[in-house]
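My entries follow the structure.

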Amino acid sequence: MKMLKKNKLLALFFIIIYCLVYGEQMNFDIKYLNISVAKLHFSLHENELMVKAKSTNITSFLTDNIDNLYVVSYRDEYIPVVYKKMIKQEKYKENSTTIYHDNSADYLNTIKNENFKYAVSQDSREIFTALFYLRNLDLQNQNTINLDVNRNHWQVRSGFVKKCQINTILGKKKSILVKLDFKKIKGAVKIKSDILTNNLVNEKNSLYFWFSDDQYRIPLKAEYQTSPFSVTWLLTNYQK
């Protein structure tokens with residue numbers, strides 16, 4: 001009996017440590033023409049968000065192969081402090097660090113030996129922390145978030161579409177569907193960057209997100225239009 005109790009306490013200890021170390025984790029399957037083209041992994045813990053995007057074997061027939069890593073250190077309300085990008089694509093490479101201050105940011109790309117200082121809004125976020133911040137807002141209201149995308153000032157506006165029930169890896173879930181529209185506010189030069197960021201932040205296309213209609217606001221599904229077919233993100237695993 002004592003041994004059983006000891007084992008239970010030990011198991012609980014490891015569960016607590018796991019949650020502290022790994023926090024929230026989620027995996028997505030990115031599909032194009034209903035074919036899995038990439039896997040996406042989010043890991044959130046201790047004010048750091050890590051995003052990994054890696055192509056599947058079939059990707060080379062449809063688009064560039066990618067093996068990308070994004071790491072964001074952030075403060076309150078997901079305001080970024082340091083944003084690192086390690087981009088490995090067939091036609092584009094980047095190893096950069098962006099350090100944010102109140103009204104400016106310093107950008108360094110070691111591959112191209114580029115070093116820039118540019119202006120940002122005090123509440124600017126990059127695309128990934130902006131999506132996590134959005135989860136904390138009232139999704140049935142219109143919301144506007146300032147974005148820093150490739151050293152250009154953008155805004156994303158979210159609008160409530162409807163509540164609906166969808167099938168997910170977690171079973172049937174009540175969800176809130178929101179529509180995200182992007183608008184470039186300042187920045188005339190189009191800067192080449194990674195496929196994931198370029199596809200998400202685009203004035204021509206809307207991005208739709210289904211969030212669970214509960215306290216966790218789990219992103220269950222996403223969809224955005226690309227010519228000529230749409231791309232879908234499907235949640236394949238969630239841990240908290």
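I began with the second largest cavity and found its lining to be I127, A130, L131, L134, I145, L147, V156, L180 and F182; a cavity here is a set of points, on a 1 Å grid over the protein atoms alone, where a 1.4 Å probe fits but cannot get out, and lining residues have an atom within 4 Å of a point. I noted that this is a predicted model, in which local features need pLDDT of at least 70 and side-chain atom pairs count only at pLDDT 80 or more, while totals for chains, interfaces and linings use all residues. Residues are numbered from 1 along each chain as its sequence is written, and side-chain values use heavy atoms, with hydrogens and water left out.

I looked up which elements supply this second lining: α2, β9 (143-149) and β11 (171-186) each give at least two residues, and α2 has the largest share, with four residues. Helices (H or I, at least four residues) and strands (E, at least two) are DSSP runs, numbered from the N terminus. By class I recorded nine nonpolar, no polar and no charged residues, where Ala, Val, Leu, Ile, Met, Phe, Trp, Tyr, Cys and Pro count as nonpolar, Asp, Glu, Lys and Arg as charged, and the others, Gly among them, as polar. The space in the second largest cavity is about 40 Å³, a volume being the space filled by probe spheres set on the points, which are joined across faces, edges and corners.

I then turned to the largest cavity, which holds about 100 Å³ and is lined by M26, F28, F42, L131, F132, R135, F209, F211, P219 and W233. At least two of its lining residues come from each of β1 (24-32), α2 (127-134) and β12 (207-212), and the lining has nine nonpolar, no polar and one charged residues.

Key:
1 Å grid on protein atoms, 1.4 Å probe; cavity = no way out; pocket = protein on both sides within 12 Å on 5 of 7 lines; lining within 4 Å.
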